[in-house]
Amino acid sequence: MSALAFKKLYEDAQRMVSTASPESGELPSLQRGVAQLRDESNHIINNFRKADINKQQHYSLLAQSGVDYVRLADNLNKLDAEKLLSPRVQVPYTSITKHIDDTCDREIQAALDFDLDSLPGAKVAIAKTASWTTKMKQQIDTWDVQAPVVSSSKEQIHAVAAVLDRINNHRLQGHATDAMRDVSTSMFSALKKPTTDVEEAQQCVDFIIARKAQCADDSVAVSLAWLEKEYMRYIDHFMLKNQVRTGTGRTVSERLTAFAKDVYIKRYAFASLQMELDIPIWALLYTYLRTGETASALQFVDSHRASFNRDFGQFADYFHEYMANRTQPLPREHANDVLSVYQQLIYSTSPSDPFKRIILKIMGRCVADATWPDVFTNDQDYIWLELTLVHGMSGSSDEDDERDDVYTLAAVQRIFIQNGSQRFDRNGSNPWAYFKYLMLTVQRERAIDYLYKHEQTRMAAVHYGIWLALHGLIEIVDNPLTETDGILDTSNSQPQVHVACMIRQFIKAAYLDRPAKEHTTPLALAALQYVYLLSFIPGSNMHELALLFVQDVVFWCGKPLELLGCVSPTLGRQKGPMDKYKALLDIHDEATYIERVLLPVARRFADKERHEEAIQLFEMADNYNEVLAILIKNLGDTLAKQLKAINTTEPWQENPQYVQQQYQQLHMWVAYADKALHHYHQHSHISRRIDSNKFQILTSLKLLPSVLDFYNKDRLEPAFQILQSTGLLPLAEQVDGAHVEWLVNQYAALANEPSITYVLAVLPDLVILAAKMLQRLWYQWAQQAPADMHLAMEARIRTLKQIMHHLLMFSGLMAAHIPSHVLEQVNAFEVQMVTDTEKRFL
């Protein structure tokens, strides 16, 4: 009955007592009929919840155990009230899911922090980097999915890999810079295409790298120098091709004068060229500047001072002032004078020499006229003019930066970004021209990215990117975990190339995606050259990332042991081709090589069930316990299938091919186990390092296939004898209850041994199989044996019954690992071994 009902009855009784007459001497009573009492009882029963009944039963059990449930309930209520009234955590949001997720994250983080702090120092570092490795592997998987196609032949791959091999060999000798200089020609020739644009792009990159080697840090000056050199080469080629007379032609000045007189006068007849002694003086002065002949330009202005000063009296002086420091603008007053004259020429209705306007624009850094000059015939002239205007402006003073006529490199770069590649590569079939102009405008990161977006130039982009990165000529993404759209990171003010992503995607497309028949050792060695270079590129965790790449390449190779070496019982690990370069991966001893290369690769082979390679690699790493663990796992898994098929009477015999496959696999692992155990037992230096528990487990498991063979051939006695020798079950003739208990304790003591799980997995079916054999042996000896043999067989029959009884006892004690239905089956087999005569005494 509920507490509310009692309370109600109690209150009614109190009222009745208070209203009764004390003098009457009669006790008060409730006047209720039988029908009313029945209705109230039904009402109480219907409202009495089942949970209350269970609660009362629980209270009764607690009371029988001596627990004061009332006091316990009060304490729990106090704790519950305290928690409700004083919450410890202020939840800033209403999402329960988010609150639970955040709480779990905090608890996990707190647990991890505690465990890391309590571990020894060396293990702490490994544990803290585990999360980075996991994230990096996920990032690598993302790169692989996004990896574009690379058009490359085997000849190209081997040619460039040979170049990279030379670089890495020079690095091993401590001459990395010399290696870069020596192999530049080989790399470019390996990528060379028979087109002018490709040749010019390669020459441009080569020129920039050569100037970098000469410590030329001014990128704009390097671009101007290349443009001026190319224009001089164009003039020489033009004059040779058209047989332009140059007089004696002994000096550069003479050749340029002949070019200006013969070409400019004819080509720009429409323009109002200012002539002096049949020489277009402004055009020739522009040619001197355009080819970088600054000394000849000054000398020419001095020799024709009157002509240059005719319309602008201070031109010669201002020109000298400009040439004295071309990286700085003229003083404000002088620059204003130049700008004034320039604007008069621009807005005047009278024609003027176009080359004069160009010279004045350069001197005064005038940007009032942003149109393409009429006398420019190609894009390089325009880029040269723009770079000349901005040269050195990034280092100008704050006062100069506030001037309206200051032009910056960033502004020039924005022009090329906004206009895109349409002007230079309309249909995307020839990316080289736009690549070259991006390089010249000091947008090398975007230049590499543009080449990488086109399949026909992707291979070149990878190697140009590596080459420029090694020379420090491009900005590189420092953190490999940085997510980018493609290989270019534009999240910062300065774009950065994700070189690690680029190299990984190239390895994936050029090597890892090849058909299985091409997974050869030479190709794997070629792919590894890129991995070794990755460790040389500046950035965080590059050595760790390179090691992950090494694992992938070795796992991909069809014959990985040809890369890693081989193992000898007496001499240990014999070095392979990779050992030559392990110093480039920051590996300087055998122990580090085993920890960072051999063991991770071996574990990957084991995870992917390539057990033969895994076993060989673990042996190479002197980790023989891992070999035993692999053998135990595979032998246990295969045995579990066989035992399950026998005990459940599945029609597995109806598929001979499957049966044959299973038996072959089972005996293959037995052969592996026999070979390993024999080999390890022969060499004491190995046997001393082997875990005795694993050794014993494998020794027992490898006997079970013989048990199954004899059992399937109905040869029960030898099958039972071999099963007895495994020691996995209490089947010996001298076994007693103490031995059974000891065996159960042995299993309990091995609970923390991972390999014991495979024994426990087959234990239920193994118990059933043993019980079957005992019952069938009993039947043969007790029921089918001749009458004259009964007396002789009596002792053996008693022994079988005793063993069956101990097996049943063992199954009961191992209830945590042996299900109840197995216990029932064993009990049923034991009952079948009781004769009719014996049943009369039960």
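These legends accompany close-up views of one predicted model.

**View 1. The whole chain of the predicted model.**
The secondary structure comes to 40 helices and 6 strands. Of the 842 residues in the chain, 45% are buried. The accessible surface is about 44,400 Å². Carbon and sulfur atoms account for 52% of that surface. Among contacts with a separation of 6 or more, 64% join residues 24 or more positions apart.

**View 2. Helix α39, residues 820–832.**
This helix has 13 residues. From first C-alpha to last, α39 reaches 19 Å, close to the 18 Å expected at 1.5 Å a residue. Its buried residues are V822, V826, F829 and E830. They lie on the same side of α39 because they cover an arc of only 100° around the axis. An α-helix has 3.6 residues a turn, so residues three or four places apart point the same way. The face turned away from the buried side carries the exposed residues S820 and E824.

**View 3. N309 in the loop between α14 and α15.**
Helix α14 covers residues 305–308, and α15 covers 315–324. N309 sits in the loop between them. Is N309 buried or exposed? N309 counts as buried, because its relative accessibility is 17% and the cut-off for buried is under 20%. Leaving out residues up to four places away in sequence, N309 touches Q314, F315 and A316.

How many disulfides does a search of the whole structure find? The search finds 0.

**View 4. Stretches with pLDDT under 50, including residues 112–128.**
The chain averages a pLDDT of 79. Of the residues, 74% score at least 70. Over residues 112–128, pLDDT stays under 50. The model gives this stretch 5 contacts beyond four places in sequence. Residues 394–405 also have pLDDT below 50. Beyond near neighbours in sequence, residues 394–405 have 16 contacts in the model. Where pLDDT is low, the predicted coordinates should not be read in detail.

Note on methods
Residues numbered from 1 in each chain as written. Predicted model: local features only at pLDDT ≥ 70, side-chain atom pairs only at ≥ 80, totals over all residues. Heavy atoms only, no water. Helix = DSSP H or I, 4+ residues; strand = E, 2+ residues; numbered from the N terminus. Expected span 1.5 Å × (residues − 1). Buried < 20%, exposed > 50% of the residue type's maximum accessible area, 1.4 Å probe, protein only. Arc of directions from axis to C-beta. Disulfide = S-S within 2.5 Å. pLDDT = per-residue confidence, 0-100. Contact = heavy atoms within 4.5 Å. Areas by Shrake-Rupley, 256 points an atom, 1.4 Å probe, with all protein chains shown as cover.
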